[in-house]
Amino acid sequence: MNNPLMKRLPREIKSGLAHYMVIFLFFALLISLCSGFLVADNSMQIMIDGMKNKYLVEDGNFEVYNELSKESIDKINQAKVQVYRNYFVEEEIKKGVSIRMYGQRTDIDLVAVHEGTLPNTADEIAIDRLCAKNNDLHLGDSVKIAGVTYKVVALVSLSDYTSMFKKNSDIMFDAHNFGVAMVTNQGMERIASSKIHYNYSYFFNDKNMNEEERREASGKVVQAIAKEGQLANYILADDNASIQFAPEDVGSDRGMIIVLLYILIAIMAFVFAVIIAHNIDKDSQVIGTLLASGYTKNEIARHYIVLPIGVALFGAVVGNIAGYSFFKNQFAELYYNSYCFPRFETKWNTYAFIVTTVIPLIMIMIINIGMIFSKLSISPLRFLRNDIRRSKNKKAKKLPFKKFKTRFRTRVILQNLSNYVILFVGICLASLLLLFGCGMKPMLERYTDDVKRQVVSKYQYVLKTPVETEKKSAEKAAVTVTELENKQGMHDDVSVYGIQKDSVYMDRIDVSGDEVWVTNGISEKYHIEKGDKISLKDKYEDKAYVFTVKGVLSYTGVMAVYTNKDNFNKKFGQKDNYFNMYFSNEKLDDIGENFVATVVTVDDLLNLSKQLTSSLGGMFDMIKVIAIIIFLILIYILIKIVIEKNANNISLLKVFGYRNGEVYGIYITATTIVVLISVALSIPISCKVLYLVWASMMADMSGWIAFNPEWITLIEVFVAGIFSYLIVSVIHIRHINKVEMNLALKSRE
């Protein structure tokens with residue numbers, strides 16, 4: 001080697017092996033996680049983009065109360081669509097679990113097979129993979145639907161049900177208590193006609209319409225349907241949560257993951273810079289000799305950049321291998337635990353390689369080269385004299401403290417301020433992750449408790465047409481579904497209720513007058529308060545309804561508006577005394593099933609928390625582990641650098657007769673003060689940042705769960721941070737013990 005410093009690399013690696021191993025493992029883990037996520041995300045996105053054409057996914061569907069004749073379908077087709085029959089039956093297969101069974105599909109909304117073969121006989125059924133998994137159903141099992149027994153012969157994915165939304169207005173899909181299935185046409189004929197839902201799906205004839213044109217065309221389709229039958233439900237594919245929710249979710253976290261990656265990479269790059277700066281300080285006289293001997297700063301800089309780039313590059317290689325081979329499958333499994341997608345193929349992702357490998361290496365190189373040349377900017381003579389401090393003022397500032405140890409600790413903090421600033425930033429990030437990991441489960445549990453405590457009635461029966469009941473606990477009301485949207489593009493289906501002025505079930509609010517009450521979910525998500533105007537759009541017609549808000553009702557899990565029934569009927573053009581629902585604490589078994597559109601129970605309101613817990617429960621624990629690892633790594637490396645940087649001073653203290661315990665009291669206590677302050681300050685900062693992130697996440701979802709961590713969670717985060725520090729401080733006590741007294745006597749400063 002031409003450069004003598006290069007011969008020192010093996011010794012530097014050996015002496016700083018703990019540093020470099022920890023950083024390597026951190027880089028490898030970080031890049032493997034991000035690479036695995038981006039590869040899985042991209043491969044899934046490619047698969048999703050091809051589903052429309054490969055599986056002939058519908059452009060919309062509608063349901064009517066009575067079967068349409070061929071002549072009626074032909075008239076609807078004149079609205080420039082092609083309509084196909086897509087009847088279904090919806091029944092419970094066991095207590096609390098319902099399944100929606102469709103007939104054979106050959107022309108629209110095709111089925112992807114995961115295991116087995118599609119049904120060929122009338123007694124066979126194919127069930128969606130996720131419903132089968134969550135309810136312990138396997139090939140060869142039997143299920144009874146509407147009193148008819150079928151044998152499970154295939155586990156499948158229905159292309160129009162990538163997310164299991166029982167109703168499009170549901171806050172969250174429910175893959176545990178709801179599923180879909182397919183039988184042959186002969187299999188559907190085994191079911192009584194009274195139980196069949198007359199559902200139809202269609203394609204637009206023009207495949208090249210944009211969203212605005214499709215919405216305009218769908219209005220004409222609705223008008224054509226209304227002329228031929230009584231419309232029970234209509235939904236455009238663009239608004240169909242079962243079709244759109246999963247594709248919109250896949251990739252939605254990509255930006256947040258990349259930002260998090262770069263923040264962590266930047267932190268580790270500065271950690272590297274601190275290590276290199278410390279090494280340059282130790283090698284100052286050697287560097288001065290080399291510079292005086294004719295070696296250039298570029299040659300010296302190349303030596304000091306080799307280890308950071310080498311460690312980062314090695315970590316990136318290992319991380320990419322682990323990302324493609326292991327973590328890709330883990331992240332894909334998270335999607336498949338929530339959504340019923342067809343199988344996907346792993347695709348090479350150039351974007352992921354650039355984002356997770358090329359850019360981080362460039363960041364590390366730029367940050368460290370900038371720091372190295374800044375350190376090398378002083379003259380060779382100053383290097384030889386070991387006079388490498390940037391400040392010319394060598395006179396220490398007078399501190400106001402009287403006690404020697406207090407002044408000493410303060411100077412330790414001031415002299416290592418740059419290290420502690422990096423430590424503070426890292427602790428803030430770790431606290432943010434830890435708060436998310438620790439806080440989500442209690443928050444969802446509290447949400448569940450609030451829903452159960454605030455529920456209005458055990459049952460809410462929504463009717464297709466007004467029907468009387470003899471049950472005395474039933475209370476009449478009216479309801480319709482509208483859409484609320486703001487300028488930022490957030491939108492939600494909002495139920496508008498017309499209730500009796502002396503309502504037994506809604507006695508918490510006064511609905512006299514023309515004003516309305518909104519639930520706290522609407523208030524918090526859309527920042528609507530008492531006295532504001534709220535504008536709700538009709539879902540099927542070009543109409544808007546404007547109300548003045550009288551108050552905010554604390555009703556967790558519901559996005560709803562409440563007014564009195566008279567005002568409701570007047571506003572929505574209904575006859576006097578019109579109603580289409582009942583509040584009830586008992587089942588209304590005297591109302592025929594064919595008159596009931598849907599029944600809402602407390603379990604329906606709990607779907608959001610159930611599904612989030614099911615889908616993300618494992619991720620919460622993983623995030624907590626990652627946060628603790630970040631705590632341990634940053635605290636370990638930066639405190640070790642502080643101890644090594646102050647080794648001469650520690651040695652002098654020992655020479656002057658200070659015992660090891662007293663030395664700990666100075667250096668460890670100084671760092672303890674910084675860590676305590678950093679952890680304490682990081683918690684409110686993390687709460688504020690996480691509130692903004694959470695609000696952004698919920699903006700893309702139906703409904704609202706407020707982010708409001710429990711005090712016990714904040715205490716848990718604080719204790720976890722301090723406990724992590726205590727583990728590391730015990731290790732660093734050994735490092736202080738290893739500092740020998742003769743080190744100060746050897747110093748030539």
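What percentage of the 749 residues of the protein chain count as buried? In this predicted model, 52% of the residues of the protein chain fall into that class.

**Overall architecture**

The protein chain contains 23 helices together with 20 strands. Its C-alpha trace extends over about 100 × 55 × 45 Å along the principal axes. The accessible surface amounts to about 35,000 Å², and carbon and sulfur atoms contribute 56% of that area. When contacts between residues at least 6 apart in sequence are considered, 82% of them link residues at least 24 apart.

**Packing of helices H9 and H11**

Two packed helices are described by the angle between their axes and the distance between the axes. Helix H9 covers residues 254–282 and helix H11 covers residues 297–338; their axes approach within 10 Å and cross at roughly 150°. Because angles over 145 degrees count as roughly antiparallel, H9 is roughly antiparallel to H11. The crossing of these two helices, H9 and H11, is right-handed.

| Helix | Residue range | Residues making the contact |
|---|---|---|
| H9 | residues 254–282 | Phe272, Ile276, Asn279 and Ile280 |
| H11 | residues 297–338 | Tyr304, Pro308 and Val311 |

By residue class, the contact of H9 with H11 comprises six nonpolar residues and one polar residue, with no charged residue taking part.

Terms used: Residues numbered from 1 in each chain as written. Predicted model: local features only at pLDDT ≥ 70, side-chain atom pairs only at ≥ 80, totals over all residues. Heavy atoms only, no water. Axes fitted to C-alpha atoms, helices over the stretch in contact; angles between N-to-C directions. Helix = DSSP H or I, 4+ residues; strand = E, 2+ residues; numbered from the N terminus. Parallel < 35°, antiparallel > 145°, perpendicular 65-115°, else oblique. Left-handed = near helix turned anticlockwise from the far one by under 90°. Contact = heavy atoms within 4.5 Å. Nonpolar A, V, L, I, M, F, W, Y, C, P; charged D, E, K, R; others polar. Buried < 20%, exposed > 50% of the residue type's maximum accessible area, 1.4 Å probe, protein only. Areas by Shrake-Rupley, 256 points an atom, 1.4 Å probe, with all protein chains shown as cover.
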